[in-house]
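Me: Hi! I'm new to this one and would like a friendly walk through it. Could you start with a single residue and then widen the view?

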Amino acid sequence: MFKLWSNSYKDGDIMPKAQRFNGMGQDGDNLSPSLFWENAPTGTKSFVITMFDPDAPTGCGWWHWVVANIPTTVTHLDEGASSKGMPEGSIQVRNDFSFYEYGGAAPPPGVKHRYIITIHALDVEKLDITQDVSPAYIGFNTHFHSLGSAQLTCVFGTEK
């Protein structure tokens, strides 16, 4: 079974300060979480990682992190890898903060939000993209090449 986990937090945990955004009312460290995965489906040729908040009050959620073209030789990312150096050949596309790396949680006061990290195993070595494509474009192409996926979810929110 394809599995994803982190040493930064466990599935269902409250997002730690290290992974929260620094701005928009938050004082986090904005470090991408450590990620580990194993048992990718047979035929996997690359990976895509996404972090999405479906609870953002936008009508379409919020993309916090999108990375494509991760080689199959990679089975983990260290905490902070998004800003310290991603695997060769991988591409971080612009998120909804309008920058090209991880952006942590910064929800408005109120309801807790879910932050869903998904790793997708693809049947192609790379998607034909640049860093300027949208997360939706990555999602569209990932959908047609996905062999399977695994998820890790944490939550975060502040009181009104």
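Reply: Happy to. K10 has a relative accessibility of 57%, so K10 counts as exposed. Here buried means under 20% relative accessible area, exposed means over 50%, and partly exposed is in between (1.4 Å probe, protein chains only). Do keep in mind that this is a predicted model: local features need pLDDT of at least 70, side-chain atom pairs count only at pLDDT 80 or more, and totals for chains, interfaces and linings use all residues. Residues are numbered from 1 along each chain as its sequence is written, and side-chain values use heavy atoms, with hydrogens and water left out.

Me: Where is K10 found?

Reply: K10 is in the loop that links strand 1 and strand 2 (22–23). Helices (H or I, at least four residues) and strands (E, at least two) are DSSP runs, numbered from the N terminus.

Me: Let's zoom out. How many helices and strands does the protein chain have?

Reply: There are 2 helices and 10 strands. Read from the N terminus, the order is β-β-β-β-β-β-β-α-β-β-α-β. The radius of gyration is 15 Å, close to the 15 Å given by the globule rule for 160 residues, so the protein chain is as compact as a globular protein of that length. That radius is taken over C-alpha atoms, and the rule is 2.2 Å times the number of residues to the power 0.38. The C-alpha trace spans about 45 × 30 × 25 Å along its principal axes.

Me: What share of the residues is buried?

Reply: Of the 160 residues in the protein chain, 49% count as buried. As for contacts with a separation of 6 or more, 73% come from residues 24 or more positions apart.

Me: Is strand 6 mostly covered or mostly uncovered?

Reply: Mostly covered: in strand 6 (residues 62–71), 8 of its 10 residues are buried. Strand 6 pairs with strand 5 (residues 46–53) in the antiparallel sense over 7 bridges, and F52 has W63 in strand 6 as its bridge partner. Strand 6 also runs antiparallel to strand 8 (residues 91–92), joined by 2 bridges. There, V67 has Q92 in strand 8 as its bridge partner.

Me: And which residues does I91 touch, not counting those up to four places away in sequence?

Reply: I91, which is in strand 8, touches V66, V67, A68, N69, I129, T130 and Q131 on that count. I91 and N69 are 22 residues apart in sequence, and 6.3 Å apart in space, C-alpha to C-alpha.

Key:
Contact means heavy atoms within 4.5 Å. Two strands pair if DSSP finds at least two bridges between them.
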